[in-house]
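Reader: I am new to reading protein models. Can we go through this one in short steps?

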Amino acid sequence: MNITDPIADMLTRIRNANSAGKAEVSMPSTKVLVEVARVIEEEGYIAGYAVEDTKPQKTLTIQLKYGPKRAKVIKGIKRVSKPGLRIYSSAEKLPRVLGGLGTAVISTSKGMMCDRDARKLGIGGEVIAYVW
């Protein structure tokens with residue numbers, strides 16, 4: 001199956017598994033998806049991720065994180081820059097998700113990172129997604 005926007009597919013799978021209360025979610029793996037998973041894990045929204053070498057393509061498995069009484073850690077997740085409309089931002093104009101309570105995933109020349117790290121380094125880039 002050919003997916004036009006694998007990042008949007010990944011975020012939708014995470015959103016759906018999170019609403020259903022699943023422990024983990026799997027998807028076809030790419031380098032970009034692994035980097036997005038790394039950033040949202042560093043920010044504490046998921047418990048972890050693993051890449052399994054399966055045929056015909058590697059599989060990315062993400063372990064979702066829940067608080068006490070199965071409270072969802074990820075309240076919302078949204079794709080910002082799409083293949084039909086790319087959204088770029090300079091270092092000074094990087095978005096703040098929910099006034100700093102959420103995280104924006106930014107693709108920069110130094111790799112994929114959260115908005116806080118990009119602001120610290122003073123570099124902008126493509127705004128991939130919002131997680132809160």
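Reader: How many bridges join strand 2 to strand 3?
Author: This is a predicted model, where local features need pLDDT of at least 70, side-chain atom pairs count only at pLDDT 80 or more, and totals for chains, interfaces and linings use all residues. Residues are numbered from 1 along each chain as its sequence is written, and side-chain values use heavy atoms, with hydrogens and water left out. Strands (E, at least two residues) and helices (H or I, at least four) are DSSP runs, numbered from the N terminus. Strand 2 and strand 3 run antiparallel, and the bridges joining them number six.

Reader: Which strands are the edge strands?
Author: Two strands pair if DSSP finds at least two bridges between them. Three strands form an open antiparallel sheet, in the order 1-3-2. Pairing on one side only marks the edges: strand 1 and strand 2 (46-52).

Reader: Which residue in strand 3 does Ala 50 stand opposite?
Author: Look across from Ala 50 to strand 3. The residue there is Thr 61.

Reader: How far apart are the end C-alpha atoms of helix 2?
Author: The expected span is 1.5 Å times one less than the number of residues. Helix 2 has twelve residues, so it should span 16 Å. The model agrees, with its end C-alpha atoms apart by 17 Å.

Reader: Which residues of helix 2 are buried?
Author: Buried means under 20% relative accessible area, exposed over 50%, and partly exposed in between (1.4 Å probe, protein chains only). In helix 2, the buried residues are Leu 33, Val 34, Val 36, Ala 37, Val 39 and Ile 40.
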